[in-house]
Amino acid sequence: MEDSPLSDPQFQKLIQSFSSLPGIGKKSATRIGFHILRMDPSTFRAWLSNIEEAKSKLRFCDECGGLTEDPVCSICLSEKRETGILCVVEQPEDIFFIENTKEYVGKYHVLNGAISPLDGIGPDQLRIRQLIERLEDGEIKEVLIATNPTLEGDATASYLSTVIKPMEIKITRIAHGITIGGTLEYSDQYTLGKAIKSRLTL
């Protein structure tokens with residue numbers, strides 16, 4: 001196997017780069033690597049340019065933590081969104097999955113993770129202080145906790161419920177339809193929409 005093209009140092013570096021991405025295993029990374037190598041130079045330059053442009057122009061909203069090109073995202077600025085409900089998610093990409101359901105019309109708050117003591121992630125490492133500050137103005141009447149149905153997501157939801165309850169704000173959480181141990185990313189639009197519509201009060 002030493003003379004296999006797969007053992008070429010440059011190709012291995014390419015595979016390692018793609019394998020470092022979430023959800024990409026060695027087999028998928030190998031397929032992507034070969035696809036990149038088959039691209040004609042102009043297509044590859046355009047592909048690379050799109051990535052570089054997105055990396056340089058996109059940032060995270062100063063208010064909710066979602067993805068945007070501006071200091072504050074369009075959802076936070078929209079007058080058509082319900083201002084009395086705030087959906088709390090773990091990651092910015094979760095907003096995209098929830099928006100695809102067309103079932104939620106409120107605003108968002110991104111925690112940038114979930115409580116995970118084994119990984120050294122506690123409440124202080126998340127955007128929980130910023131969340132509390134947003135709730136203190138009294139405009140929010142309901143907090144919809146949409147953390148993933150995992151041990152970490154459950155721990156985060158429980159912690160948030162304990163912190164928010166003294167503020168006398170309604171607390172709900174997405175319920176039916178999401179597979180235990182799964183993530184929002186891999187839930188179809190119908191299942192995620194059903195979970196939002198059937199949320200439970202904590």
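**View 1. S161 is buried in the predicted model, with a relative accessible area of 8%.** The model shown in this and the following views is predicted. S161 lies in helix α7. Leaving aside residues up to four places away in sequence, S161 touches I145, I171 and L202.

View 2. Helix α6 spans residues 128-135, and its buried residues are I128, L131, I132, R134 and L135. The partners against which the buried residues of α6 pack are β3, β4, β5 (142-145) and α7 (151-164).

**View 3. Five strands form an open sheet with mixed pairing.** The strand order is β4-β3-β5-β6-β7. β4 and β7 (200-201) stand at the edges with a single partner strand each, so one side of each is left without a neighbour in the sheet. At the β7 end, strand β6 (residues 170-173) pairs with β7 in the antiparallel sense over 2 bridges. T201 in β7 is the bridge partner of T172.

View 4. V89 stands opposite V110 in β4. Helix α5 lies across β3 and β4, and runs at about 150° to β4.

**View 5. The largest nonpolar core has 21 residues.** The members that touch the most other members are C87, V89, I98, Y104, Y108, L144 and I174. Two or more residues of this core come from each of α4 (74-77), β3 (85-89), α5 (92-99), β4 (107-110) and α8 (189-197). A second, separate core has 17 residues, including I128, I132, I140 and I164. In soluble globular proteins, nonpolar side chains tend to be buried together.

**View 6. I98 and its contacts.** Not counting residues up to four places away in sequence, I98 touches C87, V89, Y104, Y108, A146, L184, L192 and I196. Among these, C87, V89, Y104 and Y108 are, like I98, listed with the core residues that touch the most other members.

**View 7. N112 and E168 are loop residues with positive phi values.** Most residues other than glycine have a negative phi. N112, in the loop between β4 and α6, has a phi near 65°. With 42% relative accessibility, N112 counts as partly exposed. E168 is found in the loop between α7 and β6, and its phi is near 55°. At 76% relative accessibility, E168 counts as exposed.

**View 8. Residues 61-76 carry a zinc finger annotation in UniProt.** The feature is recorded there as "zinc finger region: C4-type", in an unreviewed entry. In the model, the end C-alpha atoms of residues 61-76 lie 9 Å apart. The span is 19% helix and 12% strand.

Key
Residues numbered from 1 in each chain as written. Predicted model: local features only at pLDDT ≥ 70, side-chain atom pairs only at ≥ 80, totals over all residues. Heavy atoms only, no water. UniProt positions renumbered as here; feature names shortened; annotations may be inferred. Helix = DSSP H or I, 4+ residues; strand = E, 2+ residues; numbered from the N terminus. Core = buried A, V, L, I, M, F, W, Y, C linked by side-chain atoms within 4.5 Å. Buried < 20%, exposed > 50% of the residue type's maximum accessible area, 1.4 Å probe, protein only. Contact = heavy atoms within 4.5 Å. Pairing = 2+ DSSP bridges. Axes fitted to C-alpha atoms, helices over the stretch in contact; angles between N-to-C directions.
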